[in-house]
Amino acid sequence: MFSYLEYILETKNGAEVARVLKSVESCKRALIGLGYAEFTFEDFLAVFVEQLESVLPGTTSSISVDTLVDRCRDQYVSNYVVMFFRFVTSCEIRQRADFFEPFIYGTSNLTVQQFCKASVEPMGEESDHVHITALTDALGVPVRVVYLDRSLGDSGKVAEVNHHDFIPASSPSPEKSAVPPVTLLYRPGHYDILYAK
């Protein structure tokens, strides 16, 4: 979330904020359609929308990067946004159960519903490929995940830097040189933000 909001602040991309707000509204309707009571997620959604609107360029409520850092360090804000993203991820997986089911069942022997209840919605659960695919598709925000491959590569090196781009299904075909606005370094059990030099 921080990297994405920072990207909007730096690019002053009001159109991107409007686009994501539409995606969020669609997610809200989908959650209700799947049987979630609005009160179970409305506070989480409101905190995310507040953060998103605060990075809108040229408004009186626009914040600085330093203020964004402070807000994202606030446990109340960060936990509420993470919980909202967990609901969005679960919703996307459930809506596209036919697509996600082989990946889920192949690794966990759980149904889609069981997987969402056990591995997506609870705080403290780690995210993996399925989660990132669902969240990037739901919000329409591309993400690059960089990781070290410790196997012996073609070049004879023991460790190589590789990446995987999660491009939302709704995105137009990106240029091969286009880098997603969010780049993360995967370390087992954790993702860190990476910045281009």
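**View 1. Cysteine 116 in helix α7 of the predicted model.** Cysteine 116 has its place in helix α7, where helices (H or I, at least four residues) and strands (E, at least two) are DSSP runs numbered from the N terminus. Its relative accessibility is 0%, so cysteine 116 counts as buried; buried means under 20% relative accessible area, exposed over 50%, and partly exposed in between, with a 1.4 Å probe and protein chains only. When neighbours within four places in sequence are left aside, cysteine 116 is in contact with Ser90, Ile93, Arg94, Glu121 and Pro122, contact being defined as heavy atoms within 4.5 Å. Leucine 135 lies 19 residues from cysteine 116 along the chain, and the C-alpha atoms of the two are separated by 13 Å. This is a predicted model, in which local features need pLDDT of at least 70 and side-chain atom pairs count only at pLDDT 80 or more, while totals for chains, interfaces and linings use all residues. Residues are numbered from 1 along each chain as its sequence is written, and side-chain values use heavy atoms, with hydrogens and water left out.

**View 2. Serine 119, also found in helix α7 (residues 112-120).** Serine 119 counts as buried because its relative accessibility is 17%. With neighbours within four places in sequence left aside, the contacts of serine 119 are Arg86, Glu125, Glu126 and His131.

**View 3. The salt bridge between glutamate 121 and lysine 117.** The closest N and O atoms of glutamate 121 and lysine 117 are 3.4 Å apart, which falls under the rule that a salt bridge is a side-chain nitrogen of Lys or Arg within 4 Å of a carboxyl oxygen of Asp or Glu. Glutamate 121 is buried, as its relative accessibility is 10%, whereas lysine 117, with a relative accessible area of 48%, is partly exposed. Glutamate 121 is also one of the residues in contact with cysteine 116.

**View 4. The salt bridge between aspartate 165 and arginine 144.** In this pair the closest N and O atoms are 2.6 Å apart. The pair links distant parts of the chain, since aspartate 165 belongs to strand β2 (residues 160-166) and arginine 144 to strand β1 (residues 143-149), 21 residues apart. Arginine 144 has a relative accessible area of 14% and is therefore buried, while aspartate 165, at 24% relative accessibility, counts as partly exposed.

**View 5. The salt bridge between aspartate 192 and arginine 187.** The side chains of aspartate 192 and arginine 187 meet with an N to O distance of 3.0 Å. Aspartate 192 is partly exposed at a relative accessible area of 24%, and arginine 187 is likewise partly exposed, with a value of 42%.

**View 6. A network of salt bridges that links Glu92, Arg96 and Asp137.** The salt bridge count for the model comes to eight. The protein chain carries 17 positive and 26 negative side chains, and the centres of the two sets lie 3 Å apart. In this count Lys and Arg are positive and Asp and Glu negative, with His and the chain ends not counted, and each charge is placed at NZ of Lys, CZ of Arg, CG of Asp or CD of Glu.

View 7. Lysine 12 counts as exposed, as its relative accessibility is 59%. With a relative accessible area of 56%, asparagine 109 is exposed.

**View 8. The protein chain as the setting for the close-ups.** The protein chain has eight helices and four strands, which follow the pattern α-α-α-α-α-α-α-α-β-β-β-β along the sequence. Buried residues make up 38% of the 197 residues in the protein chain. Among contacts with a separation of 6 or more, 63% are accounted for by residues 24 or more positions apart.
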